[in-house]
Amino acid sequence: MQRPGARTARELLTRYATLRIAHAERATERTARGLEEVGRALCALTGAADLDTAVAEADAVLAADRARRGAARRDPDGGDALSLAV
C-alpha cells in the first residue's frame, strides 16, 4: 500500500487534535461526530483498522517527511546547507 502524503496526514492529525481538545473541554454531539469522521478518515488514509494505529502511522509519515526534508538540506560534508549569513 502506498503511504499517504505528509500534507494530508498533517491536516488530519491537526483536525483530530483540535477536536480532541474541544471535546475534552466541552463534549458535544458536534465534537463527537467530528472525532468519528476524522477517525474514519485517518483509518482510510493509512489503511489501519483502528484509530490508535492510524494516528501512529500518520505520525510516522510526518517523521519520514521531516527526515527526508532534513536530509535534502544537508550539504555533502554533513553540515547544514542553509546559509548563516545575515
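I started at Leu13 and listed its contacts (heavy atoms within 4.5 Å). Setting aside residues up to four places away in sequence, Leu13 touches Leu42, Val55, Ala58, Asp59 and Leu62.

I noted the ground rules next. The model is predicted, so local features need pLDDT of at least 70 and side-chain atom pairs pLDDT 80 or more, while totals for chains, interfaces and linings use all residues. Numbering runs from 1 along each chain as its sequence is written, and side-chain values use heavy atoms, without hydrogens and water.

I then looked up the fold. The protein has three helices and zero strands, in the order α-α-α from the N terminus. Helices are DSSP runs of H or I, at least four residues, and strands are runs of E, at least two.

I moved on to the largest nonpolar core. A nonpolar core is a set of buried Ala, Val, Leu, Ile, Met, Phe, Trp, Tyr and Cys residues joined through side-chain atoms within 4.5 Å. Of its 16 residues, Leu13, Tyr16 and Leu42 touch the most other members. Helix 1 (6-25), helix 2 (29-46) and helix 3 each supply at least two residues of this core. Helix 1 gives the largest share, six residues.

Asp65 sits in helix 3 (residues 51-73). Is Asp65 buried or exposed? Asp65 counts as buried because its relative accessibility is 12%; the cut-offs are under 20% for buried, over 50% for exposed and partly exposed in between, with a 1.4 Å probe and protein chains only. Beyond its neighbours within four places in sequence, I found Asp65 in contact with Ala6 and Arg10.
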